[in-house]
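Biologist: I would like to learn how to read helix packing, cavities and cores in a model. Can we work through one together?

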Amino acid sequence: MLSGGGARGAYEVGVLRYIRERLKGESRIDIITGSSIGAINGAYIAATADRPRAQGRLLARVWSELNLDEVCRFGWTQMRALPQMLFGKIRDKSTHGAQIGGLVDPRAMQALVRTRLPWHAITENLHRGHLSAISVTATEVATGNVTIFVQTASGTLPPHWPSAQRQSVVLTPITAAHALASGAIPVLFPAVRVGDQLFADGGLRQNTPLRPAMRLGATRLLIIGLRHKPDAGEFQQIREEAESTFPSAMFMMGKVLNVLLLEKVENDLERIQRMNQILAAGTAEFGPDFATRLAGAMHKDKSTPYSHVHTVLIRPSQDLGRVAFETVQRTGLSSYSGVVARWIRWAVQADGARQESDLASYLLFDREYVKRLIDLGYADAARHHDELTALFNE
C-alpha cells in the first residue's frame with residue numbers, strides 16, 4: 001500500500017529498493033494499491049513487475065532526475081491564469097486526460113509520467129501473471145466521492161465487493177490519466193479529466209488504500225506511510241518551539257496539507273488487529289470452520305471465509321519536515337531560480353525557530369532531498385528486515 005505526500009513519495013522508493021535488493025527468497029508483490037504520489041510509484045512498480053530486481057534502482061533514477069523549477073514551474077502564463085484558477089470559468093468540455101486549473105505548469109510532471117512509465121506493460125504483466133491487480137484512488141471533484149480505479153488479471157472485480165457510502169469502484173485499464181489525477185494536489189496541480197468527470201488527489205479521502213487491497217484478496221499487507229510518528233520527547237519539543245513563535249502562513253499551509261493528505265492508517269490497522277483476535281479466539285472456541293460460518297452469518301452471499309491479515313507498517317523514523325528544512329538550510333536551493341523555490345526559501349526562513357517545514361517536504365522535488373528520503377526509506381526497511389522476510393515468505 002503506497003501513500004500520498006508529494007515529494008515525500010521518494011521515501012517509498014527507498015523501501016522498495018531495500019526489498020528488491022536485500023531480501024532473500026520470494027519478494028513477489030501481487031497486489032498494488034496507491035494513492036496520490038503512491039499511485040504513480042505503484043503504476044511504475046506494476047509496469048516493471050517483470051524486472052523486480054531492477055525496479056528500485058530504475059525508479060530511484062527517475063526520482064533523481066526531478067527538478068524543482070520544472071516540476072513546480074510558475075511563470076507569466078500561470079500568473080495570467082490566476083483569475084480563472086481562483087474564480088473559475090465556463091469552458092468547453094475537455095477530453096480524457098486533460099488537465100484543468102492548478103497554480104503550477106504541469107507539463108514537466110505530465111511528460112515524465114506519460115513517457116517514463118511503460119503503461120502498456122501493466123496490462124502485459126497482469127496477463128503474464130507477474131501481478132494480480134492494481135488500484136489507483138482519486139477524488140471526484142464534483143462530489144468529493146472516492147473513486148477506486150481497478151485493473152485485474154482476470155478482467156473482473158472480486159465478487160461481492162461491498163458498497164460503501166461516497167465511494168465507487170471502476171474496472172478499467174490504468175493509464176497515465178488515472179495516476180496524474182490521483183496525484184493532483186488541489187490548487188497546486190491541475191485536476192485531471194477521467195471519462196466524464198474531473199478528479200483530484202486521492203489522498204484527500206483515502207491516503208493509504210488498505211481496504212482496496214483487502215477487497216482484492218490480499219491477506220499480507222506491506223503498508224508504507226509517509227508520516228513520522230513522534231515520541232513523547234519529540235511532542236514536548238514541538239510544543240516548546242510553538243510557544244515562542246507565531247506560526248507563519250507557510251507553516252499553516254504545511255499543517256493543512258498534513259491534515260488533508262497524510263495517512264490516518266492507525267484506525268484501519270486497529271480494526272484489522274481486532275478482527276485477527278476475533279478469528280483466533282473463535283477458532284479456538286468453536287473450531288476451524290469458525291471463519292466460514294462467521295462470514296456466512298454476517299453476509300448471506302459471502303462464501304469466502306474471513307482470513308487472518310498479516311501487516312507490516314514502515315514509516316519514516318525521522319520527521320520529513322525537518323529533513324526538508326535541513327536540506328534547504330544547507331543548500332539554499334542555490335541551483336534553482338523559480339518562484340516556488342523562492343517560496344520554499346521564505347517558508348524555511350519564516351519558520352527558523354521551529355527547525356521544520358512541512359510545506360517544503362511536499363514540494364521539494366530536489367535531488368539532494370530525494371536522495372536523503374530514499375536513503376532513509378532504505379534504512380528504515382532494513383530495521384524491519386525480519387518482519388519483511390516473514391511477510392514475504394509466510
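Predicted model: local features only at pLDDT ≥ 70, side-chain atom pairs only at ≥ 80, totals over all residues.

Biologist: Start with helix α7. Which of its residues are buried?

Modeller: Helix α7 spans residues 107-116, and its buried residues are Met109, Leu112 and Val113. They sit on the same side of α7, because they cover an arc of only 90° around the axis.

Biologist: Which exposed residues are on the face turned away from the buried side of α7?

Modeller: That face carries Arg107 and Thr115, both exposed.

Biologist: And what do the buried residues of α7 pack against?

Modeller: Four helices: α2 (37-47), α3 (52-64), α4 (68-71) and α9 (176-182).

Biologist: Now the cavities. What is the general idea?

Modeller: A probe the size of a water molecule is rolled over the atoms, and this shows where empty space is left. Here, searching the whole structure turns up three cavities of 30 Å³ or more.

Biologist: What is the volume of the largest cavity, and which residues are closest to its centre?

Modeller: Its volume is about 150 Å³. The lining has 14 residues, and Ile40, Met109, Gly183, Ala184 and Phe189 are the closest to the centre. Both α2 and α7 supply at least two lining residues each. By class, the lining holds ten nonpolar, four polar and no charged residues.

Biologist: How does the second largest cavity read?

Modeller: The second largest cavity has a volume of about 100 Å³. Its lining includes Ile40, Tyr44, Trp63 and Leu66. Met109, Leu112 and Val113 also line this cavity; these are the buried residues of α7.

Biologist: Which helix gives the most to that lining?

Modeller: α2 does, with four residues. α3 and α7 each supply at least two. The lining divides into eleven nonpolar, one polar and no charged residues.

Biologist: Last topic: cores. What should I expect?

Modeller: In soluble globular proteins, nonpolar side chains tend to be buried together. In this model, the largest nonpolar core has 92 residues. Those with the most contacts inside it are Trp63, Leu68, Trp119, Leu222, Ile344 and Leu388. Helix α2 gives the most to this core, with eight residues.

Biologist: Take Ile344. Which residues does it touch, beyond those up to four places away in sequence?

Modeller: Ile344 touches Leu68, Val328, Leu333, Ala360, Leu363 and Leu364. There is also a second, separate core of 17 residues, with Met1, Ile31, Val146 and Leu210 among them.

Methods. Residues numbered from 1 in each chain as written. Heavy atoms only, no water. Buried < 20%, exposed > 50% of the residue type's maximum accessible area, 1.4 Å probe, protein only. Arc of directions from axis to C-beta. Contact = heavy atoms within 4.5 Å. 1 Å grid on protein atoms, 1.4 Å probe; cavity = no way out; pocket = protein on both sides within 12 Å on 5 of 7 lines; lining within 4 Å. Points joined across faces, edges and corners; volume = space filled by probe spheres on them. Nonpolar A, V, L, I, M, F, W, Y, C, P; charged D, E, K, R; others polar. Core = buried A, V, L, I, M, F, W, Y, C linked by side-chain atoms within 4.5 Å.
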